[in-house]
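Have a look at the structure first, then read on.

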Amino acid sequence: MKAYTAIDPPEVLAARLGISASEIIKLDGNENPYGSSPKVALALQAHPWYHVYPDPAQRGVRQALSEYVGMNADSIIAGFGSDELIDLLARLFVGIGDEVIDLPPTFGMYPIVVETQGGQVISVPRTKHFDVDVDAVAKAITKNTKLLFLANPNNPTGNISSEKTIRQLLELDLIVVVDETYFEFCGKTVAHLVGKYENLVVLRSLSKWAGLAGLRLGYGIMNPVIIERLMTIKPPFNLTVATEAALVATLADRQLLMDRVHMLVAERERLTELITANVTGAHCFPSEGNFILCQFPDGIAPRVQSALAQRGVFIRHFRDPHISDCLRISVGKPDQTDTLIKNLLEVIEEMS
Ligand SMILES: Cc1ncc(COP(=O)(O)O)c(C=O)c1O
């Protein structure tokens with residue numbers, strides 16, 4: 001099994017380069033450069049119950065999420081990041097010899113959780129423009145196929161699969177996990193289909209739009225029957241009391257956080273235009289997330305990534321052969337974009 005290549009935190013990157021963490025331009029984790037709501041720090045400071053275990057039934061968290069999502073709390077479960085729910089779903093549905101459809105290039109955790117369960121990953125590569133090949137998926141399904149993971153918007157390509165495509169997948173005989181970790185950046189969801197399709201699981205996260213990546217909170221929206229089974233197998237205290245306090249404070253500051261989301265969406269377009277206009281031969285794929293995938297000419301992508309890292313500017317290169325000539329850049333603040341572009345042009349100039 002290949003290990004997931006996780007990113008390092010700023011202090012580790014800074015120590016490696018012998019600079020301070022505040023000098024790092026960190027555009028490799030799709031994190032929110034504006035941080036969490038200021039109300040979160042206040043709520044964490046005021047919280048009186050850190051010595052008591054959190055509610056194993058997640059009542060407060062599920063109720064708060066239910067109001068945010070507009071669905072009943074019995075259709076919602078929270079996890080230690082959407083990562084934990086991806087893992088729990090594999091634990092629930094995948095056994096030795098079961099097959100799971102993966103749609104590369106996509107989020108790297110899906111194959112890992114499947115193989116951990118002794119399942120077999122069936123890769124159905126996306127088309128040239130990273131669309132899902134529904135016919136190829138249908139052909140790949142056997143009596144052993146249990147699950148399909150679809151990131152929407154897809155990470156790292158940034159594109160969306162239409163509701164029509166997702167409905168076609170839902171008509172196939174398997175559980176379809178639509179991972180909407182970047183939902184707030186595009187506003188497109190299939191959560192409204194949960195009542196109609198018992199085999200639909202929608203995942204969301206507070207890591208990106210709400211800037212809570214370090215606190216770890218994701219949630220799933222699905223049929224209450226699946227929720228009950230997940231509640232049975234999850235660790236009893238998979239959330240912390242701090243998480244609940246942070247969630248309530250976050251949702252009370254929704255407007256500020258969504259204003260930041262809109263700033264990031266505008267900055268994503270500016271970043272795309274700057275690269276397209278200034279880097280000869282580079283192509284940025286249209287994105288609906290808080291990141292863009294850019295294709296670079298002449299096989300320079302990995303060298304550009306490491307040259308930028310030497311300068312304290314961190315972006316992401318993936319070993320996946322479908323996108324080995326590409327780099328994924330998380331959208332930062334405008335000054336981070338400017339520093340990135342300056343350094344990008346300099347390292348490309350040095351290479352030529
Ligand atoms: C598509 C996708 N799913 C899930 C995750 C995990 O998110 P979380 O921080 O909620 O565990 C990520 C993180 O980058 C992601 O890109």
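An oxygen atom of the ligand sits 2.9 Å from an N or O atom in the side chain of Lys208, which makes a polar contact (a pair of N or O atoms within 3.5 Å). Taken alone, the ligand exposes 400 Å², and the protein buries 93% of that (Shrake-Rupley areas, 1.4 Å probe). Bear in mind that this is a predicted model, where local features need pLDDT of at least 70, side-chain atom pairs count only at pLDDT 80 or more, and totals for chains, interfaces and linings use all residues. Residues are numbered from 1 along each chain as its sequence is written, and side-chain values use heavy atoms, leaving out hydrogens and water.

**Other ligand contacts**
- The side chain of Asn155 puts an N or O atom 2.7 Å from a ligand oxygen atom.
- Asp83 takes part through its backbone, with a polar atom 3.0 Å from an oxygen atom of the ligand.

**The shell**
- The ligand is surrounded by 15 residues (each with a heavy atom within 4 Å of it), and Ser82, Asn155, Asp179, Ser205 and Ser207 are the closest.
- By type, the shell splits into five nonpolar, six polar and four charged residues, with Gly counted as polar.
- Helix α4 (residues 81–93) gives the most to this shell, namely four residues; helices here are DSSP runs of H or I, at least four residues, numbered from the N terminus.

**Gln45**
- Gln45 belongs to helix α2 (residues 38–46).
- With a relative accessible area of 68%, Gln45 is exposed (over 50%).
- Gln45 and Ala242 lie 197 residues apart in sequence, but their C-alpha atoms are 9.6 Å apart in space.

Definitions and conventions:
Polar contact = N/O pair within 3.5 Å; in protein donor to acceptor, adjacent residues only side chain to side chain. Helix = DSSP H or I, 4+ residues; strand = E, 2+ residues; numbered from the N terminus. Buried < 20%, exposed > 50% of the residue type's maximum accessible area, 1.4 Å probe, protein only.
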